[in-house]
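Good morning, everyone, and thank you for giving me a few minutes of the meeting. Please have a look at the sequence and the structure first, and then I will walk you through some of the places I picked out.

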Protein chains: 2
Amino acid sequence: MSPPAAVDIEVTGVTDTSSMVIPDPLTLDDVKAWRAKTKMPTGVAAMANSDMFKSPACYNKPSAKRWDHILSAEAKARKSSTLKAAAKYLKQPGMISLGGGLPSSEYFPFDHIDIKVPEPPRFSEDEMRKYGKVARAGRHDIRDGTSEYDLEIALNYGQATGSGQMLRFVTEHTEIVHNPPYSDWQCCLTPGSTASWDATLRIFCERGDYIITEEYTFSTALETAHPLGIRAAAVKMDEQGLLPESLDDVLTNWDEKARGARKPYLLYTVPSGQNPTGATQSIERRREVYKVAQKHDLYIVEDEPYYFLQMQPYTRADGPSVPAPSNHKEFLKALIPSFLSIDVDGRVLRLDSFSKVVSPGSRVAWIVASEQIVERFTRHFECSTQNPSGISQLILFKLLDEQWGHSGYLDWLINLRMQYTNRRNTIVQACEKYLPTEVASWTPPTAGMFHWIQVDWKKHPKAIAGESHDAIEEAIFNAATERNVLVSRGSWFKADSTVDEDGMFFRATFAAAPADKITEAIKRFGEALRAEFRLC
Amino acid sequence: MSPPAAVDIEVTGVTDTSSMVIPDPLTLDDVKAWRAKTKMPTGVAAMANSDMFKSPACYNKPSAKRWDHILSAEAKARKSSTLKAAAKYLKQPGMISLGGGLPSSEYFPFDHIDIKVPEPPRFSEDEMRKYGKVARAGRHDIRDGTSEYDLEIALNYGQATGSGQMLRFVTEHTEIVHNPPYSDWQCCLTPGSTASWDATLRIFCERGDYIITEEYTFSTALETAHPLGIRAAAVKMDEQGLLPESLDDVLTNWDEKARGARKPYLLYTVPSGQNPTGATQSIERRREVYKVAQKHDLYIVEDEPYYFLQMQPYTRADGPSVPAPSNHKEFLKALIPSFLSIDVDGRVLRLDSFSKVVSPGSRVAWIVASEQIVERFTRHFECSTQNPSGISQLILFKLLDEQWGHSGYLDWLINLRMQYTNRRNTIVQACEKYLPTEVASWTPPTAGMFHWIQVDWKKHPKAIAGESHDAIEEAIFNAATERNVLVSRGSWFKADSTVDEDGMFFRATFAAAPADKITEAIKRFGEALRAEFRLC
């Protein structure tokens with residue numbers, strides 16, 4: 001990663017967002033009032049889209065740009081489903097359908113599903129067991145008027161957008177948190193952000209294309225791209241992640257002939273708690289990146305699983321701890337605005353997900369983008385995964401919408417923020433105590449699951465003797481595993497394997513292990529470093 | 001569709017399967033005994049594959065052929081996930097992992113999930129409510145020794161093969177029902193058969209390729225193929241579906257130049273209760289098709305959502321009804337053997353699913369194929385959908401494995417067979433009563449959800465006056481919808497739009513509506529036909 005640098009980019013002919021005031025998001029009361037005026041489509045496989053649920057405030061804004069020029073041949077060729085189109089006749093009163101091949105709910109072998117979930121703010125395992133509430137999903141709750149969603153609907157086929165019930169929740173959530181500054185944004189549920197990313201590549205890219213990524217990036221994102229013949233052009237980073245001047249440089253100096261590919265038009269970035277570096281882009285940084293995107297007409301994919309794992313400021317072991325945000329408004333203000341929230345052009349595709357904030361096993365995620373793009377995703381999913389699990393959607397609806405509502409969900413997210421703050425403090429404090437600062441350095445992460453430790457490998461005895469970066473990284477990794485601590489090697493996350501690595505890094509996650517194990521693991525890693533660097 | 005024809009194909013140099021005795025499948029007791037000797041991997045995202053669960057009887061058989069020559073560039077380029085490969089270190093005793101970015105189960109906001117399900121053989125909605133049993137999934141049932149699967153595992157990330165818990169169930173089920181005649185078959189769970197089919201096309205085909213399909217086929221299957229630049233070559237059918245001599249003809253006379261494409265090497269077929277024709281291939285037909293596949297080295301994809309919707313023989317309203325199979329053995333014997341069960345070469349990919357037999361909303365399906373092919377699918381899903389919903393998998397496990405076991409599941413499938421027999425009898429009896437046989441004809445379906453009604457359109461007054469097939473099909477469709485009955489037009493399912501249609505068909509599903517509505521709908525369709533053909 002490069003050192004931090006003053007940004008100095010000449011940008012012309014683009015909308016300036018830096019002076020734009022991000023308007024206050026919708027309050028939870030506004031959402032409640034608006035919802036009371038809307039109607040939930042509750043039939044089997046009922047069509048729904050975000051426009052049914054967005055507040056009127058969304059429409060006094062300009063429309064998104066069109067992206068026809070960057071859609072793939074595959075995406076352009078997708079048409080509406082013949083059979084789904086026939087569903088329009090079902091609205092005719094008295095119609096008996098012998099049309100679609102949907103099974104009868106008579107043959108779904110479930111009488112009801114009960115879930116016991118925590119009651120805000122009592123979120124711990126013990127409190128959940130003691131004070132949790134039980135929510136029931138029955139077969140015919142819609143018909144019986146006891147719920148807007150039930151087994152009869154959730155267990156049958158659904159639409160590729162996801163059910164109206166969950167689509168409403170994520171649409172409202174998106175307006176509360178991000179409030180995009182253009183009018184025609186929409187959401188579509190997906191079976192996880194990896195599936196969203198796979199679809200993104202197939203919708204926007206052709207074999208042979210380059211995409212732009214951070215120089216260290218989520219290895220699965222690259223492994224999704226490579227078999228499709230899509231390569232990554234790497235942009236340098238500092239402790240705030242992606243460097244706008246490096247992005248501008250890569251694009252300005254793109255040599256089609258040397259690269260054997262047209263100039264990239266798609267940026268993949270993880271703005272908050274970046275995987276693997278843990279770096280988080282400030283709002284100023286995001287604005288600068290957005291300007292460069294405008295200059296080069298770049299489309300931005302912001303993959304944001306860790307957005308709500310933003311933390312309170314880091315405090316050393318001997319410092320006073322920072323209290324939790326005292327209310328929802330303060331919490332929302334404390335979040336760094338997303339690319340989506342400054343996206344005046346509709347050039348951002350946001351990949352959002354419940355995996356890191358509720359449960360990865362639900363395989364329910366969503367995207368936010370302009371109507372044109374969301375429509376192409378919907379067509380794509382109709383002919384692949386069809387819709388996220390209805391069982392997962394029903395259980396998330398019972399928890400997030402019926403039991404918690406947006407208010408309880410924000411309470412939960414504040415709780416997570418404090419939990420991850422504690423976990424981050426634990427690992428950084430352990431590093432301060434146990435790692436040899438002669439060779440190891442780091443920046444305390446402000447979001448996400450990852451701590452990125454830089455090692456000054458050139459001081460390694462074998463480096464002095466001429467051994468390679470790779471050999472030394474492997475030696476340190478092995479010294480750690482021999483001491484029973486597993487970390488990830490930085491080179492696993494290199495976007496462009498043709499570029500020589502100057503720095504050396506190890507990624508340690510503080511999301512999974514209990515606090516005492518994290519401390520013990522860092523202690524062992526410190527021992528491994530000392531042994532390798534002959535510091536003991 | 002063509003009239004039935006005597007099959008006369010010269011086939012040389014291939015294994016003859018027609019004299020092969022399909023061995024008795026494993027009994028449920030055999031499965032139970034073998035399971036007692038195996039071990040379930042129960043860790044977070046634990047690796048599993050079918051070899052852990054297949055009985056020793058599987059291994060005294062030849063290996064599958066290799067299919068390297070028909071894998072796509074995309075499929076060939078897929079490598080193992082770097083991060084998943086690092087999981088091998090987790091087996092080291094005492095290891096503390098700061099490796100993978102999996103969230104801690106502390107932050108899954110569910111204390112337990114209860115499901116109330118029917119107790120075999122009391123399967124009706126009323127009986128389920130009265131006599132059903134409640135099964136509970138808690139957070140730490142594995143640790144507590146009360147179950148092999150729990151929320152801690154199901155709510156976290158999983159493997160692309162699916163969980164060991166559900167993989168064991170479908171592997172055993174596959175051995176009980178299909179018992180493939182080669183050794184190295186495996187299963188992999190998928191998020192639905194449409195996703196399996198999308199992956200199949202991407203794993204085997206390149207842009208510009210043709211695949212072979214029945215002349216009328218599932219329109220979504222074609223809509224999945226077309227945006228990928230894959231076209232369909234149509235094979236003629238009779239009331240048993242795919243005609244082997246037509247298949248042989250298409251392949252033998254393939255003209256690469258005229259078609260602008262290499263000879264097809266992949267057949268997509270729905271052997272049982274084909275969508276849309278309702279046709280079911282007899283075992284003799286399947287053997288003939290398999291022989292043609294061997295002759296041309298064709299790879300067979302059998303899409304079998306309706307396999308367990310095979311029915312008892314059709315009886316007219318005044319005839320005696322056929323009783324249910326009296327035990328599991330009789331039931332299994334009554335099923336037409338699958339392509340998988342005669343697949344001596346490992347040239348069959350079976351797409352199997354819970355959608356039509358348990359719940360489409362679960363979005364849990366599976367594939368069966370040789371190890372080489374299943375491994376490529378696993379790599380594919382790792383970088384797209386990751387794994388089917390863990391919540392769905394847990395709920396299916398509780399129902400199918402813990403509550404019912406294979407015995408209760410076969411009871412359920414027998415029940416479904418009888419339910420669909422009744423539904424099929426209702427629609428066919430209504431056709432006998434209400435449709436004008438001067439212009440309408442049909443074969444009672446023996447499997448599936450669909451009744452395929454042929455209309456002698458050349459007798460239509462407008463046809464005599466020179467109007468087109470399409471115009472008359474539309475007129476009949478409109479006459480039906482005006483009378484409040486929705487059927488599907490046969491032309492929606494045409495595989496090759498460049499071929500003129502000789503016959504005219506309408507597809508009516510008997511899966512969804514209640515019996516009285518089915519009868520009323522057919523009565524209305526009869527009225528529409530009479531009005532259109534001026535028969536009243």
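Predicted model: local features only at pLDDT ≥ 70, side-chain atom pairs only at ≥ 80, totals over all residues.

Let me begin with a pair of residues: A:Leu351 has A:Ile367 as its bridge partner in strand β12 of chain A, where helices (H or I, at least four residues) and strands (E, at least two) are DSSP runs, numbered from the N terminus. Residues are numbered from 1 along each chain as its sequence is written, while chains are lettered from A and ligands numbered from 1 in the order in which they are written.

Now back to that strand. Strand β11 (residues 348-353) of chain A pairs with β12(A) in the antiparallel sense over 4 bridges, and two strands are said to pair if DSSP finds at least two bridges between them. Strand β4 (residues 185-190) of chain A also runs antiparallel to β12(A), joined to it by 6 bridges, and here A:Trp185 stands opposite A:Ser370. Because 6 of the 6 residues of β12(A), residues 365-370, are buried, this strand is largely enclosed by the rest of the structure; buried means that 20 or more other C-beta atoms lie within 10 Å of the residue's own, exposed means 12 or fewer, and partly exposed is in between, with C-beta atoms placed from the backbone.

What does A:Ile367 touch? Leaving aside residues up to four places away in sequence, its contacts include A:Cys187, A:Leu349, A:Val374 and A:Phe377, a contact being two C-beta atoms, placed from the backbone, that lie within 7 Å.

A:Ile367 is also one of the four residues, with A:Leu266, B:Leu266 and B:Ile367, that touch the most other members of the largest nonpolar core, which has 284 residues. Such a core is a set of buried Ala, Val, Leu, Ile, Met, Phe, Trp, Tyr and Cys residues joined through C-beta atoms within 7 Å.

Let us turn to a sheet that involves both chains. It is an open sheet of 4 strands in the order β3(A)-β2(A)-β2(B)-β3(B), with antiparallel pairing, and its edge strands, each pairing on one side only, are β3 (133-138) of chain A and β3 (133-138) of chain B. Within chain A, strand β2 (residues 112-117) is joined to β3(A) by 6 bridges, and A:Val117 has A:Lys133 as its partner there.

Finally, some backbone details. Most residues other than glycine have a negative phi, and most peptide bonds are trans. With that in mind, look at the cis peptide bond that joins B:Pro120 and B:Pro121, with omega about 0°, and at the bond from B:Asn275 to B:Pro276, which is cis with omega near 20°. A:Asn484 has a positive phi near 65° without being a glycine, and it counts as partly exposed because it has 17 C-beta neighbours inside 10 Å. Its counterpart by number, B:Asn484, has a positive phi of about 65°.
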